[in-house]
Amino acid sequence: MLDISDDGRTWVLSGPASSYAVHVTDRDELLHLHWGPRIGLADAEALAVRPLPDYWPFESPLDGREEYPVEGGPRFARPALSVRTPERRGTEWTYEGHDTGDGELRLRFRDGDLTIRLHYRMRSSADVVERWVTLDNRGPSVEVLRADSATWTLPDRDTWRLSQLHGRWGAESRLERSALTHGEKVIGSRRGHTGHQHLPWVALDTDATEESGEVYGCALGWSGSWRIAVAQLPDARVQITGGAGYDDSGLLMLAAGESYTTPVFAGLWSDGGFGGASRAWHAYQRAYVIPDADRDRPVLFNSWEATEFDISEEQQRALAERAAAMGVELFVVDDGWFGARTSDRAGLGDWTPNPDRFPGGLKPLADHVHGLGMQFGIWVEPEMVNADSELYRAHPDWVQYQPGRKRTEFRNQLVLNLAREDVQEYLWQQLDGLLSSAPVDYVKWDFNRCFTDAGWPDDPYPQRLWVDHVHALYALLDRLRAAHPGVAFESCSGGGGRIDLGVLSRTDQVWTSDNTDPLDRLAIQHGFSQIHPARVMAAWVTDSPNAMLNQRASSLRFRFVSAMAGVLGVGGDLTKWTEEELAEARDWVALYKEIRPVVQRGDQYRLRPPEGGVSAVQYALGDETVVLAWLQAQRYGEPVPALRLRGLDPAASYECLKTGEVHRGAVLLHHGLRVGLRGDLDAAVVRLKRK
């Protein structure tokens with residue numbers, strides 16, 4: 001809902017529980033008025049007439065109150081917009097007016113030949129405010145050094161606490177909370193992709209718990225380099241500014257007639273604590289971000305950990321037959337099916353099946369997989385190239401590189417310059433041809449190295465490749481999805497290196513981490529759930545001991561229940577599993593299919609965090625509730641604690657589908673967990689249904 005004052009200078013956007021209000025003064029200053037519980041237009045107009053403090057000359061009355069700070073004028077705070085022309089620097093804008101349409105509010109400002117439009121959208125069924133900016137140039141070229149998507153202003157509070165998700169390869173999305181102090185806290189990625197080190201999300205609170213208290217959260221929808229700065233200003237006011245690009249060294253050059261639109265930087269206010277904020281984010285993404293979110297994702301098998309590069313059609317057929325017998329619904333051939341790809345040293349860029357390994361191409365294997373009742377998927381890494389490849393030998397200038405400098409290789413590969421139109425067209429022809437040559441249902445799209453030598457010697461403004469690469473990636477995914485609407489896509493970047501609202505709007509799920517140890521995964525998945533829903537969180541059951549990372553042994557039960565917290569997959573070498581293990585796995589897969597709608601589409605409640613002892617998560621959808629619990633460690637014979645469930649009707653009765661016990665209202669699970677959790681590193685699944 002949008003309310004506009006009679007003079008057209010005050011606006012209030014409202015969702016189910018919250019409102020967001022801004023105002024333009026007679027001096028064309030755009031001020032933030034309110035973000036929090038619902039208010040009316042009269043409340044906003046009363047806020048708009050409050051005078052600004054008289055700080056000048058040592059502090060600015062605009063700092064901490066301006067809706068979108070620009071560079072120049074009476075400001076000292078971090079600017080969201082920084083532009084240059086040969087004659088001028090900074091921005092002196094005037095307000096031109098507003099317009100509405102397609103559910104948006106658009107505020108128009110002008111500085112000479114440059115038009116700045118601030119976009120706002122708040123859907124009636126969500127408390128998420130989407131904000132972004134469009135720059136239109138009608139004059140001489142303008143260099144855009146920085147164009148953030150939004151600056152968020154928080155209300156006055158005595159203290160704030162900052163939540164963020166940090167990590168590294170194999171240890172992504174770990175939750176960290178700390179007191180916010182004066183100055184700036186800056187997180188981001190200068191690596192060309194979202195990065196393993198931080199997810200582009202922050203949350204601030206004063207005294208929230210898991211299920212109570214105010215939480216303000218912001219999430220950026222951008223899959224390249226990015227930056228979010230959380231600033232506690234000298235008067236203790238807090239602003240959060242974020243957008244594409246990490247440094248202020250230049251995003252792009254806008255020629256006459258060109259425009260640039262920033263990614264969306266979304267914000268959410270919730271008074272339901274961290275859990276309430278998470279559930280609101282999840283519901284928003286399922287409703288407005290994730291493609292086909294109402295379709296449950298299938299159980300998959302991926303061949304990588306079973307075979308690595310040593311693959312053949314015969315071997316894949318054998319794995320597929322075992323996977324089908326287990327109840328798997330999607331069989332995925334990972335790296336090694338194309339070109340001269342017998343190791344990570346060759347073949348990237350040559351997206352045609354290896355004739356020695358797949359003499360008839362991929363179609364015979366795909367047909368066999370379909371005949372077993374499963375969908376068929378493949379792995380690709382289109383943005384990369386090996387120096388030992390037909391593509392690189394033909395086009396060595398197609399990679400990112402700096403003239404006169406060594407071309408750095410990670411994992412024996414270089415990054416293709418996707419900003420080039422000829423590279424874009426080549427990848428379209430290769431991938432469209434591949435998806436047309438065989439009945440492929442699913443593509444795992446990987447990105448296994450960061451930008452290093454991000455140069456483009458032949459371009460007059462080479463630094464634009466940082467932005468244009470991402471735009472080209474989005475355009476390629478959009479084009480492929482339109483041409484092949486039955487194909488699902490997964491975003492992967494050495495695990496969780498490319499997870500954000502931007503890529504999630506174009507893919508069906510994401511690979512959370514290369515770390516498949518089920519105990520480590522509990523903390524990774526706990527952090528992931530702060531912002532993203534289980535519907536997109538891919539999780540695999542792999543072999544024990546975990547050979548890749550820690551050699552830790554874990555029961556098949558624990559591995560399955562850990563992976564059942566998201567989109568279940570299997571990645572072990574099924575040819576080495578015993579008949580007993582295969583039979584047990586078949587039962588777990590069958591159980592997951594029964595609870596899948598609740599897990600992937602239900603409201604999630606984090607009952608106990610993965611900090612030792614018992615951890616547990618609950619999902620509720622309609623009349624059904626599912627609880628997954630894990631006994632991480634048990635000392636001194638301490639009993640398994642009872643868990644009070646959430647989100648249930650206190651007047652209703654719920655039956656445990658395994659034991660037949662009937663519970664009333666806010667169910668306190670105790671007996672069911674004692675039966676399920678016994679011994680170290682064990683796990684349980686408890687299902688309840690309203691009677």
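Start by selecting helices α4 (residues 313–326) and α12 (residues 579–601), whose axes come within 8 Å and cross at roughly 55°. They are therefore oblique to each other, oblique being any angle left over once under 35 degrees (roughly parallel), over 145 (roughly antiparallel) and 65 to 115 (roughly perpendicular) are taken out. The axes are lines fitted to C-alpha atoms over the stretch in contact, with angles from 0 to 180 degrees between N-to-C directions. Helices here are DSSP runs of H or I with at least four residues, and strands are E runs of at least two, numbered from the N terminus.

This is a predicted model, where local features need pLDDT of at least 70 and side-chain atom pairs pLDDT 80 or more, while totals for chains, interfaces and linings use all residues. Residues are numbered from 1 along each chain, and side-chain values use heavy atoms, without hydrogens or water.

Now show Arg322, Ala325 and Met326 in α4, which meet α12 residues including Leu582 and Val589; contact means heavy atoms within 4.5 Å.

Next, pick Leu522, Gln525, His526, Gln604 and Val617. They lie nearest the centre of the largest cavity, which 20 residues line. A cavity is a set of points on a 1 Å grid, over the protein atoms alone, where a 1.4 Å probe fits but cannot get out, and lining residues have an atom within 4 Å of a point. The volume here is about 180 Å³, counted as the space filled by probe spheres set on the points.

Last stop: select α2 (273–288). It gives the most to the lining of the second largest cavity, with four residues. About 60 Å³ of space lies in there.

Definitions and conventions: 1 Å grid on protein atoms, 1.4 Å probe; cavity = no way out; pocket = protein on both sides within 12 Å on 5 of 7 lines; lining within 4 Å.
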